[in-house]
Amino acid sequence: MNREAEEVRSILQGRGLRIGDIPDREACFVTVVRSPVSRGVIEGIGMPELPPRVRALTAADIPGTKELTVFGVSVPILAEGRVRYKGEPVLLLAGPDETELEELAEKVAITCREEEPFLNFTDPAEEQIACSRTVNRGKVDEAMAGAARRVTGEYATGTQEHYTPETQAVYARWNRDRTRLTLLSPSSWPFHVHETLANCLRLPRKALAVESAPAPETCLDGKLWYSSLVAAHAGLAAAALGKNIKIRYSREEDFFFSPKRSPAHLRYTAGLDATGRLQAMDVQILVNTGAYPVFARETLDRAAAAALGGYHCPAVRVRASAVTTNLPPLGPFAGMGSAMSLFAMELFADKLRKETDRDPVSWKKENLASPRRRLIIGETPRSSLPDPALLDLAHRMSDFNRKHAAFELARKRGAEKDEAPESLRGIGLALGSQVSGFFGAGEASLGTTVRVSLDMDGKARICSSAVPGSHALHRIWRRLAGESLGIPPEEIEIAGADTSTGPDTGPAVFSRNITIVTRTMQDACELIKKKRFRSPLPLTAAKRYRLPRSAGWNDQEFTGGGCAATAWAAAVVEVRVDPLTFLPEIAGVWLAVDAGTVLDEKEARRAMETGISQAFGWALFERMTFRRGRVPRDQFLGYRLPPARDLPNPEIAFLEAGGKRPVKGIGELAMNSLPAAFVGALSQAVGVDIRNIPVSLREEDLTPEAAR
Amino acid sequence: MRIPFTLNGRQVLVESGPDRRLLHLLREEFGLLGAKEGCLQGYCGFCLVILNDELVPSCMVPVFSVFQGRVVTIEGFRETSDFRDIEHAFLAEEVAPCPSCGPAKVLTTHMLLKRFPNPTEKQIRRALSRVSCRCTDVTTLVAGVKAAGANRRLRSHVR
Ligand code: FES
Ligand code: FES
């Protein structure tokens, strides 16, 4: 039995440990005392009498840097002076008894001079704009004025909770003589945790190590940077008490205060020629980042690059802005940036084709980008362009054209007769894309490195800090490294992510592990292979990732390859809707996917299906709004992930890859295509153009008046 | 309050406040870490155990209600042939859950197969909806449950 199977076996047997399960009777705990107001200035902290075993820690107790930084954006480790959202960490109580800490925390009184909070992002004040991305191509106003028809549309996408299986957690453990602190963290970016801790505690890098959680859990972006904040709290307490520290958020605490998906608001105006071809596009995108605009630049770049989806338009203006509000941090989630734009653009495309009385497939094909009719980011490698064959494949798999026409006819007849059918039917088609790795210059700044060594017995070892999201990554690495080095996969050991032994591989996000890190690992293996002819064993090779030359990125102009690779998908969703309750049933899902070279088809299907569940969650099931600066409690009690019984059994087909094609990340593809296909289907079924997700099923929202 | 009950086939007696959650009793007093804490609302299913032949979220069970009852957790169930049917099937079909939901998915499969030895896909999906999961596919899991059913039917046939 291979190592991955052994790991699964121990999980099935109930022996799989999460960070919160690691036994340590001596460990102390931390309770976070949080801001009671959305915006204001801290005027005082009233403390109860603390027993000697309990320590209270504020920003003043941080020996080093008081903020963590993510790509230039700073977030206070503990708020000092000013608070920016309800629930922002202000003070830590650390001690041996969790219940006692919670009781004491209840008695801490943080008094603030409250200020009017910014809770709205769709009509922002100037001081709310954290950053913007503007893209200009051609003469938009002129083209718009000369267009045969002008069409506008407005769309909104909601927030979403990560709902990671294990909530935010960390275990900080001293070595025997308390000279070295090791953190077990679920972070998908161990080196960021390391860097944050070293700066905050002012410790030499070598006095720290960050290891990944004992068993892999899908990397959801909720643990991308926020785990560094939780780790910093544990580190502070560990240093203050000289004890090991365990922090594990309750589901409730996680739900209310950890980061969520950024909601967005998008406005589209298009100028069309008489046949329905795009002549001019003007797009405005507002993204709510909550109190701290972490990853805002990346989000805006992705949103701007996806603003026109896979279509070509000669004159384009995109203005995308990140808007801060006094809400908990809102940021990355699968499909970050791209998903919101693709949702809006695909629904807008449907509106445009209706205006010119075209069927969905032919409108899309006619407006699709090609080597000569470019995407918004300009010249792109052919392998990163949308292939029209995807639309044909999706249409063939689902019988789209026939069903679309038949459902349309049935709906019109039903409306004429004014009688309710047994069920309302609809089908939608949408195109979506996913870029692998960070956008533009982001990837180059990371210095992703993988180290491979081959010892005297012919055994290989791969070292990185890549946090695997499933058992499959290591299985794939073993196979690829084995093929490259000419040794059996069982002879390859893969070291767990550990900042004290592995090189920095950057965060596990944007499908980087399966694309960029895997490519770098293969390059390191190739280097060993070459060295083997000249040098005796043992051999070690470290390889650093370089963006392909074709990806040359001009940030000023917003042109170039933009990323390591772009995958595309055409998604079709069919729904049946109960005419009385408006409850939709997902009758079918079909996905035609251009994933480039597929390394493991079973795993690729699994990744797509996982994405489908998250996409339906975002579009239909998961409802989260803020009231007076926080998520209301009833939403915690009622928050539901899509259950297995309501999820479709999807049909997924991969486009045959001709020639040497790059491996493309596909984990976000469903998120970037399905919501629009689903809403398109639902809109057809109920006869109303729905424009927002999560979809509201209230009758008053599903009437033609509501759509206006 | 003194509470006698059968835990994984052994008679045990604990001293506990009556409204403590069974989940916490199992984890803290018996060191049984297979049932995991999730929502503490009876929704996520991470804490499922078998109480008097029924699958229950142990976070919603006050300990007084296990008085003289029979509790089976993954630690007890893993010693049975019924478990091995599921384990072999899940490994063969590459079902790879995380530590949070893995034991709950195994126990759910067991109880489903007890009721429907040859379940339909719909029955499997309905049963698995007891365990919330954001992060893996359903198709593999359905295949795993079907294979587990086949293993179990074969074994009972052979026997
Ligand atoms: S922890 Fe018991 S159901 Fe979620
Ligand atoms: S919750 Fe465990 S795999 Fe999803």
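Me: In which loop of chain A is A:Phe295 found?

Reply: A:Phe295 is found in the loop between strand S17 (278-290) and helix H7 (296-305) of chain A. Helices (H or I, at least four residues) and strands (E, at least two) are DSSP runs, numbered from the N terminus. This is a predicted model, in which local features need pLDDT of at least 70 and side-chain atom pairs count only at pLDDT 80 or more, while totals for chains, interfaces and linings use all residues. Residues are numbered from 1 along each chain as its sequence is written, chains are lettered from A and ligands numbered from 1 in the order in which they are written, and side-chain values use heavy atoms, with hydrogens and water left out.

Me: What is the phi of A:Phe295?

Reply: A:Phe295 has a positive phi of about 65°, although this residue is not a glycine.

Me: Which residues does a cis peptide bond join?

Reply: One such bond joins A:Leu537 and A:Pro538, with omega at about 0°. A:Pro538 sits in the loop between helix H13 (513-534) and strand S24 (539-544) of chain A. Another cis peptide bond joins A:Ile693 and A:Pro694, again with omega at about 0°. A:Pro694 lies in the loop between strand S30 (692-693) and helix H17 (704-707) of chain A.

Me: Turning to the two chains, how many residues of each are in contact?

Reply: 48 residues of chain A are in contact with 42 residues of chain B; contact means heavy atoms within 4.5 Å.

Me: And what area is buried between them?

Reply: About 3,900 Å² is buried between chain A and chain B, and carbon and sulfur atoms give 52% of that area. Buried area is the accessible area (1.4 Å probe) that two parts lose on being put together, summed over both. A:Leu12, A:Arg18 and A:Arg606 supply 18% of the area that chain A buries against chain B, more than any other three residues.

Me: How many salt bridges does the rule find across that interface?

Reply: The rule finds 7 salt bridges across the interface of chain A and chain B, where a salt bridge is a side-chain nitrogen of Lys or Arg within 4 Å of a carboxyl oxygen of Asp or Glu. The side chains of A:Glu622 and B:Arg134 meet in a salt bridge, at 2.5 Å from N to O.

Me: Which helices of chain A supply residues to the side that touches chain B?

Reply: Helix H1 (3-12), helix H14 (601-621) and helix H15 (633-638) of chain A each supply at least two residues. H14(A) gives the most, with 6 residues.
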